[in-house]
Amino acid sequence: QLHFHRFRSASMVLRRPSKPGEGSVGGLTAVPMAESWRGLRKRLQKPVAKGQWPGLAACVFVSKSLRLVEEIGYADLEAKSPMTRKTLVRIYSMTKCIVAAAVMQLLEAGHLDLDDELAKHLPNFQNLKVVTEGDDGMPNFSRLTPSRRPILIRHLLTHTSGISCGLAPTLDGPRQRTARERAWAGIYMPLVNRVDRGEVKDLAQWVNELAQLPLISHPGTHYSYGYSYDILGHLIEVKSGKKLESYLHDHILKPLGMCDTSFQVPCSKRLSVLYRYTKSRLWGSDGRRFRLVRVDPKRGAQSRWAKCLVPSAGGGLSSLEGGLLSTMDDYAKFLLAVTSGGQHSGVRILSEKSAEMMMSDLSSLLGSRVPSSARPYDDAGLGLSGIGELQRRGAPSWGGWFDGVPGVRQWGGAASCAFKFDPNKGQPILVMVMTQALPQDDGTTITTLLKDVREVIHAEK
């Protein structure tokens with residue numbers, strides 16, 4: 001049975017630190033909060049005050065100085081456990097950024113090259129076939145054509161490998177999919193179902209089974225968000241001789257002091273509850289009013305992350321679990337390192353050159369004439385960096401995730417965690433928001449926070 005909690009008033013859920021803005025995140029201590037930041041805090045609290053999110057933790061760094069820490073609401077509504085910078089959350093696709101850093105390390109060490117054929121390291125990816133598209137837009141499995149080119153490492157980093165992903169019904173919830181979307185995602189659904197049933201023992205087996213499936217497009221031609229980073233995760237295992245979790249722990253997480261980040265729930269930590277904001281009876285509401293419904297763990301049950309059999313380098317291989325668990329405090333250490341030339345608090349995880357590459361427009365490395373179809377959302381104003389989408393000159397400004405400001409890097413996860421980094425003409429801004437709410441926020445919350453921060457620091461000059 002699904003359980004829900006409905007907010008009756010904002011006063012039931014708001015929780016502020018004893019002194020607003022105090023504390024530390026990512027090993028840095030917050031500077032005293034100026035009065036000009038208080039209006040920003042009130043706007044940031046809206047999703048919780050309106051009952052759309054159970055709680056949130058947020059922070060703002062300006063020129064590597066911690067200017068804001070916000071903690072409101074709950075990690076567990078029913079138990080009234082507060083949401084804090086130390087709360088363990090599911091970061092889903094934000095796992096990719098940490099995996100990208102691991103790939104940069106292997107490139108730096110000479111174990112990989114961007115132009116390496118994937119089959120050189122994983123032979124099962126030889127002689128690939130591509131599904132053709134019928135006149136009705138549906139996949140035609142009776143007509144498979146040989147791939148025009150092999151998958152390269154750079155294709156995996158930019159989601160142009162020709163490999164997409166299956167649907168995750170638990171995460172999608174009541175979202176409606178077209179028949180065409182379901183048909184193309186259906187290529188991968190048997191594999192998703194096998195992970196759900198516990199029939200896949202590890203990432204190596206999963207990647208080998210994925211290699212038997214046809215591509216949905218020729219490598220290097222179309223941006224197809226999906227399982228490319230999961231393949232990179234297994235590639236890390238092959239080249240390092242370690243399991244993915246062990247490699248990330250030894251080379252990134254432990255050096256940076258990210259003690260709470262893992263694919264499993266640590267014995268000493270309690271995982272926050274994942275909620276869905278819905279009015280659907282199918283998902284536990286009453287069909288009339290939007291409510292926050294428990295998704296994981298169910299009341300009296302163990303979280304599915306307690307037995308996450310197949311760690312996902314991309315964020316999830318099943319219908320719910322698979323990516324890293326982390327905290328705002330931990331993840332800030334990683335982002336501060338990558339955006340500061342590869343090191344943070346005296347610990348270096350990347351050379352300056354590798355950090356620069358990770359921050360660069362990796363989509364531009366696909367060739368001198370990159371088709372817009374190989375860029376996110378088929379938009380020439382967007383690229384992809386190692387920490388997510390990169391707004392180029394001419395970037396879209398239609399709202400949601402995109403504000404049109406060149407140089408901004410951004411990424412988020414399915415449970416509405418998100419971050420943005422803006423070079424801001426030499427006064428860099430890093431903003432982060434952590435929560436556990438489905439469906440995924442459309443980017444408005446994190447984009448509004450960045451916009452408000454720009455205005456506040458401009459007024460301070």
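**Close-up views of a predicted protein chain**

**View 1. Asn127 sits in a loop between a helix and a strand.** Look between helix H4 (118-121) and strand S8 (129-133), and you will find Asn127 in the loop there. Is Asn127 buried or exposed? Its relative accessibility is 74%, above the 50% cut-off, so Asn127 counts as exposed. The backbone has something to show here too: phi of Asn127 is positive, about 55°, although the residue is not a glycine.

**View 2. Lys425 has a positive phi as well.** Here the loop runs between strand S18 (418-422) and strand S19 (429-434), and Lys425 is found in it. Phi of Lys425 is near 55°, a positive value in a residue other than glycine. With a relative accessibility of 88%, Lys425 counts as exposed.

**View 3. A cis peptide bond leads from Asp296 to Pro297.** Omega of this bond is near -5°. Where is Pro297 found? Follow the chain past strand S11 (291-296): Pro297 is in the loop between that strand and strand S12 (325-326).

**View 4. Leu438 and Pro439 are also joined by a cis peptide bond.** Omega is about -5° at this bond. Pro439 lies in the loop that links strand S20 (437-438) with helix H14 (444-460).

**View 5. The largest nonpolar core has 93 residues.** Which residues have the most contacts inside this core? They are Phe125, Trp206, Leu248, Ile252, Tyr331, Phe334 and Met434. Helix H3 (residues 95-108) gives the core its largest share, 10 residues. Zoom in on Leu248 and set aside its neighbours within four places in sequence: Leu248 is then in contact with Ile98, Val99, Ala102, Leu253 and Phe263. In soluble globular proteins, nonpolar side chains tend to be buried together.

**View 6. Stepping back, the protein chain has 14 helices and 20 strands.** Its radius of gyration is 21 Å, close to the 23 Å that the globule rule gives for 461 residues, so the chain is as compact as a globular protein of that length. Along its principal axes, the C-alpha trace spans about 60 × 50 × 40 Å. Buried residues make up 58% of the 461 residues. Of the contacts between residues at least 6 apart in sequence, 67% join residues at least 24 apart.

How values were computed. Residues are numbered from 1 along each chain as its sequence is written. This is a predicted model: local features need pLDDT of at least 70, side-chain atom pairs count only at pLDDT 80 or more; totals for chains, interfaces and linings use all residues. Side-chain values use heavy atoms; hydrogens and water are left out. Helices (H or I, at least four residues) and strands (E, at least two) are DSSP runs, numbered from the N terminus. The radius of gyration is taken over C-alpha atoms; the globule rule is 2.2 Å times the number of residues to the power 0.38. Buried means under 20% relative accessible area, exposed over 50%, partly exposed in between (1.4 Å probe, protein chains only). Contact means heavy atoms within 4.5 Å. A nonpolar core is a set of buried Ala, Val, Leu, Ile, Met, Phe, Trp, Tyr and Cys residues joined through side-chain atoms within 4.5 Å.
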